[in-house]
Amino acid sequence: MSDADKTPAVKSAARTVELLEALAQAPGRLTLTELASRLGYPKSSIHMLLRTLVGAGWVESDERGTAYGIGVRALLVGTAFLDRDVVNQVATAHLAALRAYLNETVHLARLDGADVVYLASRESMHILRSGSWVGRRVPAHSSAMGQVLLAQLSPEEVEARVPAELKAETQHTIADHQALARELQDVRVRRWAAEREQDALGLGSIAVAIPFGRPAAYGLSCSIPLSRFTDAHQRDVVEALHQHAEEIGATLRRLPSA
């Protein structure tokens, strides 16, 4: 097969991936018009892809066939990744121990491009708590988890990775490149990150990187409502996160498969 013959197949694959990602990130189902607007592709091309994906179970449509959402097949792929991810396997018991000790919602996540993706969570038993974020993707610059993982990179690598325009999730988000660079330098020195209402109003978070890999790409974080985000609690959270992150890293380094 010539390069010219290969090009349409590659383009189709790229469009399929972009279509699935758009559906996965949307809060609800999207119409053909909305998908065409988001992706910038002709409706006819998207409609052909949708028909194929609906038939294969990767996409589901409403009863009228006018709005589309991610299908159950995508869940199978996502759970397969989690089942095979050695960091997630090792961290499971540590997340349970952290939740039991801190009684706050704790997370495992990894850096993916300019975002962080949450892989596992254990929810606090408090009535006032943050929810589970498994599968959630957030801009790295707006969360403690993202900031501590960006801080594992050099300033040049960070600049190349994050978008030119930093989106402000709230009025407290660091949306300036120079301010972000200063914050990341502070994080490198103290070895943990903390934010208050940068990602969600009324909520703060603290995060540390798991010392595994160069640069480290996984981290642990703790989400805390501002009403409980005291200096004393912050010290306890930082200490507990560091302890478990070090133990996870040490376990991973002993595993031949890792």
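Helices and strands are DSSP runs, numbered from the N terminus. The model is predicted.

The largest pocket holds about 1,300 Å³ of space. Its lining comprises 30 residues, and those closest to the centre are Glu21, Ala24, Val117, Gly135 and Arg137. Helix H4 gives the most, with 7 residues. By class, the lining of the largest pocket has 16 nonpolar, 9 charged and 5 polar residues. Domain 1 (11–72) and domain 2 (85–254) both supply lining residues, so the largest pocket lies between the two domains.

The second largest pocket contains about 200 Å³ of space. Its lining includes Val148, Ala151 and Gln152. Val187, Arg188 and Arg191 also line this pocket, as do Val208, Ala209 and Pro211. His242, Ala245 and Glu246 complete the list. Helix H8 (177–190), strand E8 (203–209) and helix H9 (231–254) each provide at least two residues of the lining. Helix H9 gives the most, with 3 residues. By class, the lining of the second largest pocket has 7 nonpolar, 3 charged and 2 polar residues.

Definitions and conventions. Residues are numbered from 1 along each chain as its sequence is written. This is a predicted model: local features need pLDDT of at least 70, side-chain atom pairs count only at pLDDT 80 or more; totals for chains, interfaces and linings use all residues. Side-chain values use heavy atoms; hydrogens and water are left out. On a 1 Å grid over the protein atoms alone, a cavity is a set of points where a 1.4 Å probe fits but cannot get out, and a pocket is an open set with protein on both sides within 12 Å along at least five of seven lines; lining residues have an atom within 4 Å of a point. Grid points are joined across faces, edges and corners, and a volume is the space filled by probe spheres set on the points. Helices (H or I, at least four residues) and strands (E, at least two) are DSSP runs, numbered from the N terminus. Ala, Val, Leu, Ile, Met, Phe, Trp, Tyr, Cys and Pro count as nonpolar, Asp, Glu, Lys and Arg as charged, and the others, Gly among them, as polar. Domain bounds come from an automatic or database domain assignment.
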